[in-house]
Amino acid sequence: MRRSIGFVMVLALLAVGFAPALAQQKSTLDKINETGTLTIGTRTGSPPFGYVNAKNEWVGFSIDLVDELIRPALEKKLGKPIKVEKKESTPPTRIPLLSSGAVDLVAETMTDTRTRRDSVDFTLTYFVTGAQFLVKKGSPIKGIKNIDGKRVAAQQGSTNARIIREKAPKAILREFPDQPAAFQALAQGQVDAYTNDGIQLAGLKAKSPNPALWEIVGDFYSYEPYGMALRKGDTDFRNVVNAGLMDGIESGKFFEIYEKWFGPKSELPYPMTPQARSFMLLQVVPK
Amino acid sequence: MNYKFNWSVLWTGESGQWLLSGLITTLELSIAAWLIAMALGIVSGALRTVRFWPLRAAATFYVEFFRNVPLLVWMFFWYFAVPPLLPQAIEDWLLAHGLEFWAAVVALGVYSGARFSEVLRSGIQAIPRTQLEASVASGLTTFQAYRYVILPVALRLIIPPGTNESLNLLKNSSVALTISVAELTFQTRQIETYTAKAIEALTAGTVIYLVLCVSIASLMSWVERRTAIPGLITGGGRRRR
């Protein structure tokens with residue numbers, strides 16, 4: 001009896017530790033070529049990057065970049081039509097999804113960081129933002145300087161939670177697995193503020209039933225450059241993805257997609273700053 | 001395989017401290033919820049076998065209502081929906097004293113209590129009805145008969161399925177992370193946040209849950225052997241020894 005327990009435990013450990021190792025052998029390009037499908041991980045509740053809209057369609061800026069810039073680049077490279085399949089990823093699940101081979105590309109709202117680069121590779125930066133706070137209108141909270149002793153919600157696994165813990169250790173941090181739960185906690189008064197990247201708060205506010213009730217406060221207390229994540233060391237695939245993004249930036253298609261989601265006529269006007277525009281252009285290397 | 005394992009993330013930095021605090025929270029949450037579950041389970045399980053139908057109906061309602069809604073929904077219910085119904089002073093006090101923890105305790109306790117109730121009912125019904133009749137005939141009230149005869153026997157009979165439910169409760173406590181309780185699974189995700197090493201962190205969590213559950217199971221099988229009643233179904237455990 002005792003021996004069999006030990007045996008089962010060893011088996012379980014092996015399964016947990018090495019299943020991903022067995023799962024992923026061939027290169028991502030080969031895999032896409034074989035299946036004719038690019039599987040991406042994206043969000044369902046992070047407007048306007050990836051969300052389910054009122055017509056029940058799964059859309060967003062990050063999804064459009066994949067569909068309109070990266071997919072054509074892949075089709076050109078492989079010489080056949082490629083289908084994009086979407087799966088849901090969240091901050092705690094996106095790196096495991098990628099490592100295990102369940103998705104090939106994470107295109108959502110993921111900040112490129114040096115720590116994350118130890119585990120995954122990133123594409124070009126395609127959006128820049130910084131963290132702020134969403135509060136009920138009239139709240140005494142005006143930024144990271146006066147959240148001491150206040151209950152602040154953050155998304156678990158996000159860079160924001162980590163920075164709050166370091167820069168404002170006296171704040172009472174409450175971490176939720178996804179954006180809807182965190183916003184619910186704010187709406188119910190379980191927390192005093194919800195912190196996330198400014199652009200996401202703006203998206204959340206715009207999509208909420210009563211946007212006038214909410215206010216985004218505080219200067220950016222962090223720098224959040226968004227990149228898409230890929231499996232580490234898969235250089236060929238990364239080159240194709242980056243080439244797709246660069247072609248898009250160069251041809252202006254990227255800025256058209258930006259206008260669609262953040263232009264003056266969009267649901268969430270967020271004009272690109274001149275610095276951000278030149279930063280995008282400067283990332284493009286010559287052909 | 002393009003994933004580079006780096007197991008040292010589990011013992012460098014604050015990881016060890018996080019895992020320990022997560023383990024403690026998981027145990028606190030599970031023990032508190034278990035006490036609620038046992039109390040509710042024993043009362044409602046016993047009430048489901050009594051003759052007086054209003055009590056039986058009330059217990060049946062409790063069991064069917066709480067066990068047939070997913071635990072995740074109960075977590076949200078006790079965390080989001082209940083506090084606003086309480087008087088403002090109590091709500092403020094709870095917010096300042098770990099509302100999410102207590103919401104999770106109640107959610108898990110009440111939900112598991114409904115499941116535990118069914119286990120106990122099956123234990124009581126495994127005892128021949130004549131034992132209750134004999135107890136009452138010997139001058140005990142129905143309450144005394146349950147308290148001194150039926151329940152002590154039934155509780156011994158249900159140690160194996162009861163252990164099962166207890167282990168389920170322990171593992172279900174991980175659902176509390178959805179309402180931001182910093183239990184063990186939450187802390188493994190925390191390590192992932194800081195190190196981007198998800199597989200290592202998940203493995204650590206898996207091992208801790210496994211060791212915890214196997215220890216409890218072994219302890220309970222010892223208890224089972226010690227408390228076995230010769231001639232009843234638990235006698236099987238004795239013979240095997």
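This short talk walks through some sheets and a helix pair of the structure above.

Before the details, please keep in mind that this is a predicted model, in which local features need pLDDT of at least 70, side-chain atom pairs count only at pLDDT 80 or more, and totals for chains, interfaces and linings use all residues. Residues are numbered from 1 along each chain as its sequence is written, while chains are lettered from A and ligands numbered from 1 in the order in which they are written.

Let me begin with chain A, where five strands make an open sheet of mixed pairing, in the order β10-β9-β11-β8-β12. Strands here are DSSP runs of E with at least two residues, helices are runs of H or I with at least four, both numbered from the N terminus, and two strands pair if DSSP finds at least two bridges between them. The edges of this sheet are β10 (172-176) and β12 (214-217) of chain A, each of which has a single partner strand, so one side of each is left without a neighbour in the sheet. From one strand to the next the twist averages 30°, with angles running from 0 to 180 degrees between N-to-C directions of axes, which are lines fitted to C-alpha atoms, for helices over the stretch in contact.

Within that sheet, β9 (residues 151-155) of chain A pairs with β10(A) in the parallel sense over five bridges, and A:Arg151 has A:Ile172 in β10(A) as its bridge partner.

Turning to another part of chain A, we come to strand β7 (residues 120-129), which is largely enclosed by the rest of the structure because eight of its 10 residues are buried, meaning that 20 or more other C-beta atoms, placed from the backbone, lie within 10 Å of the residue's own. β7(A) runs antiparallel to strand β13 (residues 224-231) of chain A, to which seven bridges join it, and A:Phe127 has A:Tyr226 in β13(A) as its bridge partner.

Finally, in chain B, how do helix α2 (residues 53-67) and helix α5 (residues 99-125) cross, and at what angle? Their axes come within 8 Å and cross at roughly 120°, and α2(B) and α5(B) are therefore oblique to each other, a word used for angles that are not under 35 degrees (roughly parallel), over 145 (roughly antiparallel) or 65 to 115 (roughly perpendicular). The crossing of α2(B) and α5(B) is left-handed, which is to say that the near helix is turned anticlockwise from the far one by less than a right angle.

Note on methods: Buried ≥ 20, exposed ≤ 12 C-beta atoms within 10 Å, placed from the backbone.
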